[in-house]
Amino acid sequence: MTIALTFPGQGSQAVGMGKALADNFAEARAVFDEVDEALGEKLSTVIWDGPIETLTLTANAQPALMAVSLAALRVLEAQGFSVSRAAHVAGHSLGEYSALAAAGSLSISDAARLLRIRGTAMQAAVPVGEGAMAALLGLDFDAAKAVADEAAEGDVCQAANDNGPGQVVISGAKAAVERALEIAKAKGAKRALLLPVSAPFHCRLMQPAADVMADALSKVTINAPVVPLVANVLAAPISDPAEIRARLVEQVTGMVRWRESIGWLAANGSDLFVEIGAGKVLSGLAKRIAPEAQTLNVGTPDDVAAAIERLA
């Protein structure tokens with residue numbers, strides 16, 4: 001088996017995630033303690049007790065999901081698994097920071113602080129109500145991109161997430177995104193719906209947040225990862241710290257090329273995709289993008305036991 005480790009992004013959060021890991025494994029608890037200390041607050045309390053509205057705030061959800069992913073990974077490592085056994089790591093949007101922390105490129109503390117800054121800056125980049133995101137289901141990428149281009153009419157409207165076959169998310173000015181919904185339906189989309197998000201992520205309107213991240217990333221140490229990162233904006237592997245820094249900045253306004261990333265991994269030998277952290281969204285996408293590949297989820301104590309048996 002050639003292993004690719006994947007790390008989930010926003011939308012996978014749930015109150016209580018990671019608590020069983022922390023209750024059962026000191027290694028997991030230490031990760032949550034480290035994140036709490038890095039942020040100067042008890043984010044772990046929000047993760048485990050909610051309310052979901054507070055956890056879902058972008059500035060909380062981003063470091064929270066990273067914390068759960070790294071807690072699960074640390075437990076796997078304590079059971080004998082080494083990240084170096086993977087051929088590559090990849091993460092969806094904020095999950096790219098989790099992937100880099102997993103591969104030793106970022107410290108957990110730096111990843112937590114960067115994600116808090118990232119979440120806050122992304123929320124602040126566009127006034128509430130002026131931006132929107134929508135999922136276009138049942139159109140291929142080229143058709144979805146054409147819908148966004150047609151709907152723009154001088155506003156920002158662009159493909160933000162190419163998640164999988166027939167699953168593209170667009171982002172931009174609210175009026176343009178709403179126009180895109182009608183155009184998509186007319187062009188045969190199975191569904192076209194607004195997403196319950198607080199800002200238009202991964203489009204040009206996020207440039208103020210990209211500027212904030214360029215400054216924040218310039219102040220942290222980025223090491224070469226122990227295994228290459230398949231970068232969101234490239235759908236190709238990188239290991240050079242300077243390029244990692246540049247691509248993390250670009251990622252704020254750039255498209256998450258997830259379908260291409262998983263396709264690249266599968267084409268280059270990865271046949272077991274191990275999703276580390278909350279939920280199973282990426283495993284579902286992997287099965288659609290690379291039907292021959294196998295998937296594994298690691299987010300609970302039972303998952304850890306099953307994964308160690310599978311990976312032994």
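A235 is buried, with a relative accessible area of 8%. Keep in mind that this is a predicted model. Where does A235 sit? In the loop between β7, residues 229-231, and β8, residues 236-238. Its backbone deserves a look. Phi of A235 is near 55°, a positive value, and the residue is not a glycine.

Now a second one of that kind. E153 has phi near 50°, again positive in a residue other than glycine. E153 belongs to the loop that joins α8, residues 141-152, to β4, residues 157-164. Is E153 buried or exposed? Relative accessibility is 59%, and the cut-off for exposed is over 50%, so E153 counts as exposed. A235, by the cut-off of under 20%, is buried at 8%.

One more backbone point. The peptide bond from G50 to P51 is cis. Omega there is near 5°. P51 lies in the loop between α3, residues 43-49, and α4, residues 52-56.

On to the helices. Take α12, residues 258-267, and α13, residues 281-289. Their axes come within 10 Å. They cross at roughly 65°. Because of that angle, α12 is roughly perpendicular to α13. Which hand does the crossing have? It is right-handed.

Who makes the contact? From α12, it is W258, R259, I262 and G263. From α13, it is L282, L285, A286 and I289. By class, that contact has six nonpolar residues, one polar and one charged.

Stay with α12. Which of its residues are buried? W258, S261, I262 and L265. These four cover an arc of only 90° around the axis, so they are on the same side of α12. An α-helix has 3.6 residues a turn, so residues three or four places apart point the same way.

What covers that buried set? The cover includes strands β1, residues 3-7, and β2, residues 86-91.

G269 follows α12, and its phi is positive, near 105°.

Notes: Residues numbered from 1 in each chain as written. Predicted model: local features only at pLDDT ≥ 70, side-chain atom pairs only at ≥ 80, totals over all residues. Heavy atoms only, no water. Helix = DSSP H or I, 4+ residues; strand = E, 2+ residues; numbered from the N terminus. Buried < 20%, exposed > 50% of the residue type's maximum accessible area, 1.4 Å probe, protein only. Axes fitted to C-alpha atoms, helices over the stretch in contact; angles between N-to-C directions. Parallel < 35°, antiparallel > 145°, perpendicular 65-115°, else oblique. Left-handed = near helix turned anticlockwise from the far one by under 90°. Contact = heavy atoms within 4.5 Å. Nonpolar A, V, L, I, M, F, W, Y, C, P; charged D, E, K, R; others polar. Arc of directions from axis to C-beta.
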